[in-house]
Amino acid sequence: MKIIVVKGNPNSGKTTSIRLLYDLLLYKGAKIDKPRNSGKIYADFDTELLYNEKRVAINSAGDLLKNIHKTVSDHDGCDILITASRNFRRSSLDRIFSGYDVVYIKKEKRGDKENIATAKEVLQHM
């Protein structure tokens with residue numbers, strides 16, 4: 001499984017960027033396999049999509065290391081996992097992601113342009 005991690009400080013727009021990516025994938029023809037678990041605009045969510053013959057899991061709840069660990073195990077059968085993470089020590093994340101192909105995308109600033117740019121960068125790594 002390939003794991004793409006949008007990593008940044010609290011309130012840097014990680015969830016918003018991931019939500020934009022989700023919308024972009026649906027626009028590009030992705031099919032929802034497991035729906036999001038929240039209808040709230042700014043709430044964290046968890047879903048699985050079928051996109052370009054791959055199973056893509058998206059989870060924005062990366063505020064706690066235990067959440068990230070659970071996300072990896074919950075979506076182990078997917079081809080790609082896209083998740084958020086606060087700026088935890090790299091060694092802590094490396095232990096969770098051991099054995100996986102991991103790409104870290106740094107999210108520093110909040111804002112519409114920055115969120116769109118991050119969503120497009122994630123798409124490039126898929």
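Mentor: With a relative accessible area of 86%, Glu53 is exposed, a term for anything over 50%, while buried means under 20% and partly exposed lies in between, computed with a 1.4 Å probe on protein chains only. Before going further, note that this is a predicted model, in which local features need pLDDT of at least 70 and side-chain atom pairs count only at pLDDT 80 or more, whereas totals for chains, interfaces and linings use all residues. Residues are numbered from 1 along each chain as its sequence is written, and side-chain values use heavy atoms, with hydrogens and water left out.

Glu53 sits in the loop between β3 (46–51) and β4, strands and helices being DSSP runs numbered from the N terminus (helices H or I with at least four residues, strands E with at least two). Although Glu53 is not a glycine, its phi is positive, at about 60°.

Strand β4 itself holds Asn59, which counts as buried at 7% relative accessibility. Leaving aside residues up to four places away in sequence, Asn59 touches Ile18, Phe45, Asp46, Thr71, Ile82, Thr83 and Ala84, where contact means heavy atoms within 4.5 Å.

Elsewhere, helix α1 (residues 14–27) packs on helix α4 (residues 112–125) at an angle of about 60°, with the axes 8 Å apart. That makes α1 oblique to α4, since angles under 35 degrees count as roughly parallel, over 145 as roughly antiparallel, 65 to 115 as roughly perpendicular and the rest as oblique. The contact is made on the α1 side by Thr16, Ser17, Leu20, Leu21, Leu24 and Leu25, and on the α4 side by Asn115, Ile116, Thr118, Ala119, Val122 and Leu123.

Helix α4 also contains Glu121, which is partly exposed, with a relative accessible area of 32%. The C-alpha atoms of Glu121 and Leu21 are separated by 9.5 Å, although the two lie 100 residues apart along the chain.

How values were computed:
Axes fitted to C-alpha atoms, helices over the stretch in contact; angles between N-to-C directions.
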